[in-house]
Amino acid sequence: MAKKATAKTETAKPMGGQNYTVLARRYRPQQFDDLIGQEPIAQALKNAITANRIAHAYLFTGVRGVGKTSTARILAKSLNCVNGPTITPCNECSSCKAISIGEDIDVLEIDGASNRGIDNIRELRGNTQYRPQSSRFKIYIIDEVHMLSKEAFNALLKTLEEPPPHVKFIFATTDVHKIPITILSRCQRFDLSGIPRESIQQRLNGIVKAEGHSAEEAALQLIARRAGGSMRDAQSLMDQALAFSQGSLSLDLVQKLLGLSNDEDSSNLVLAILKRDCSGALKALHHCLDKSVQLAELLDQWMELWRQLLLRVTLGDVPEVKDLCEADLKPFQSALSGWNAEAMMAGLDVLITTRTRLRSTGQTQVLMELAVIRLCRLADLLPVSEIAKQLEGMAKGAARGGSMTGASRGTALSIAKPIPAPSTSRLISELPALAKIELIPPQQHEVVWAALLEQLGNQSQIRFQLERAVRTSFQPPTALLVSFPPGCESSRDYCSDANRCAKLEEMLKKITGESVALRFDIANDMETKAFVPKAVQQRMDVMSVPLAKAVVEQLGGQLVHMDEGFGQKTGT
């Protein structure tokens, strides 16, 4: 008897979290007027229902958590409500209640990721011929529709264009660009935008009060900012924060929950960078690391503050910009005086690059320290526009045969007249008369050239210039012709120097056992297209940039490094 009583007592007391429903589900919008941040779309759908202009297919697209599925359910309830079609579903009839929880037999919610095959779509097409069992319309809501296969999309085309009058399609996706245009043209498309922070914060404030808790305004602002325009993300963070805080939500608790540094620590870090105090900035960074702050979260905070400072430098005092908070930016006003928009943009690019690299490396602290050091040195860099102006002025000075003084930082820059390159005719006239010596076999040309480059060593400037060549060939009597692509005249001139030629010819004699004379020229465009290597083509692409060409010609610069993937097209 005692055992039975104990078992009965345990059964009568379920675990505390057994029946708990998360905030994102409990506070899901149930009417068009409840859609926050999507008022234009809600109004368009209400007008269509009122005017009886209901389309047979709708497509809702947008980032996660902005209300795509909620809008689809509200539209389904509006069409199938016992009082419908109506713009205000009652949420009391059996149809409305079943749709709200996703269990209506006439409103089928299909996951496009797990039902993406052609067989699934064939089954769907076969079911469309049957009328709804208890509702006005049979409605198919396909979430993440972009996951359907190409064959599945093709199988859906005819049914989607001319469905039975009792069938409606509602699609939702986060990647609309992956949907074939043939599908898009058969749907009414609605793009749901990200929800403004102020709207998210107001909604969170209402949820906190409805839950019987309290929260600091700064804490709600932080959660709204971290949500990134997604109401569902904000409600999920709120769920975590309320559980962590046990009813009273403060800014400090939210920062600890998210692994964020407090505003003072992040402000000290950015302020030290603006003052170009590299030592102080590194100390501020290590101070944050000592508190076990998540580096990715710290970098996101850093980027957001830097973005606001960039807007301040670029726009000045513009009160219409809501993202700019005067109280937050006031401590940085004096330090910003030595920074221009170009330097601030370069700094934001450094932060974005660092954020991307954090995902693919375990040396996260090293990346953060490198970012701090680079940012501290950014203010000393000249803007590209100023460099271009200097180069233009220097080119004009060189054309007059004189020199020009640089305007930047009081540095005098002068251009010397370029040394004329040895003419091809002079090189030919100096070739030794070696007509009787047997020519090097053609199959050995590449071997000889590779051996020459190897002897020069990896760090040799001569080798760097010779690697720009697009073709080498031996010609009688025993002359090695080295052809450079158009735009590499500086490489030809560099290698044509008499002392360098003598050194190379001496190396060739040791390799081949014969005296070989060197000739350098520029290949024509037609020849270049036939055999130009990829690396050389990339160098040619660089030299086609006017600024890069001006640097090489006017300053005697050399191209020493290209980022991997330069010139490659990205995107779809």
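Mentor: Please do, and keep in mind that this is a predicted model. Let us begin with a pair of helices: the axes of α14 and helix α18 (residues 364-376) come within 9 Å and cross at roughly 150°.

Trainee: Are α14 and α18 then roughly parallel or roughly antiparallel?

Mentor: They are roughly antiparallel, because an angle over 145 degrees counts as such. The crossing of α14 and α18 is right-handed.

Trainee: Which residues make the contact?

Mentor: On α14 they are C278, A281, L282, L285, H286 and L289. On α18 they are Q365, M368, E369, V372, I373 and C376.

Trainee: What about S292, where is its place?

Mentor: S292 is in the loop between α14 (278-290) and α15 (295-315).

Trainee: Is S292 buried or exposed?

Mentor: S292 counts as exposed because its relative accessibility is 61%, and the cut-off for exposed is over 50%. The C-alpha atom of S292 is separated by 7.6 Å from that of G259, although these two residues are 33 apart along the chain.

Trainee: Let us change topic to the strands. What is the order of the open sheet of five strands?

Mentor: The order is β2-β3-β4-β1-β5, and the pairing is parallel.

Trainee: Which are the edge strands?

Mentor: β2 and β5 (188-191) are the edge strands, since each of them pairs on one side only. On average, neighbouring strands of this sheet are turned by 15° against each other, with direction ignored.

Trainee: Which helix packs on the sheet, touching β1 and β5?

Mentor: That is helix α3 (residues 39-50), which touches β1 (57-61) and β5. The direction of α3 makes about 155° with that of β5. Helix α4 (residues 68-80) lies across β1, β2, β3 and β4, and runs at about 180° to β3.

Trainee: I would like to hear about β3. How many of its residues are buried?

Mentor: Strand β3 (residues 138-143) is mostly covered, with five of its six residues buried.

Trainee: How many bridges does β3 have with β2, and how many with β4?

Mentor: Strand β2 (residues 107-111) pairs with β3 over five bridges, and β3 pairs with strand β4 (residues 167-173) over six bridges. Both pairings are in the parallel sense.

Trainee: Which residues stand opposite Y140?

Mentor: L108 stands opposite Y140 in β3, and Y140 in turn stands opposite F169 in β4. Another pair is I110 with its bridge partner I142 in β3.

Trainee: Which helices make β-α-β units with these strands?

Mentor: Helix α6 (residues 118-127) makes a right-handed β-α-β unit with β2 and β3. Helix α7 (residues 150-161) makes a right-handed β-α-β unit with β3 and β4.

Trainee: And β9, how many of its residues are buried?

Mentor: In strand β9 (residues 479-484), six of its six residues are buried. A479, L481 and S483 point one way from β9, whereas L480, V482 and F484 point the other way.

Trainee: Which strand is joined to β9?

Mentor: Six bridges join β9 to strand β10 (residues 517-522), and the two run parallel. The bridge partner of L480 is L518 in β10.

Trainee: Now the backbone. Which residues does the cis peptide bond join?

Mentor: The cis peptide bond joins G84 and P85, with omega about -5°. P85 has its place in the loop between α4 and α5 (94-100).

Trainee: What is phi for N52 and for R276?

Mentor: N52 has a phi near 60°, a positive value in a residue other than glycine. R276 has a positive phi of about 60° although it is not a glycine.

Trainee: Where are N52 and R276 placed?

Mentor: N52 is in the loop between α3 and β1, and R276 lies in the loop between α13 (263-274) and α14.

Trainee: Which of these two is exposed and which is partly exposed?

Mentor: N52 is exposed, with a relative accessible area of 62%. R276 counts as partly exposed, at 39% relative accessibility.

Key. Residues numbered from 1 in each chain as written. Predicted model: local features only at pLDDT ≥ 70, side-chain atom pairs only at ≥ 80, totals over all residues. Heavy atoms only, no water. Buried < 20%, exposed > 50% of the residue type's maximum accessible area, 1.4 Å probe, protein only. Helix = DSSP H or I, 4+ residues; strand = E, 2+ residues; numbered from the N terminus. Pairing = 2+ DSSP bridges. Right-handed = clockwise from strand over helix to strand, strands pointing away. Axes fitted to C-alpha atoms, helices over the stretch in contact; angles between N-to-C directions. Contact = heavy atoms within 4.5 Å. Parallel < 35°, antiparallel > 145°, perpendicular 65-115°, else oblique. Left-handed = near helix turned anticlockwise from the far one by under 90°.
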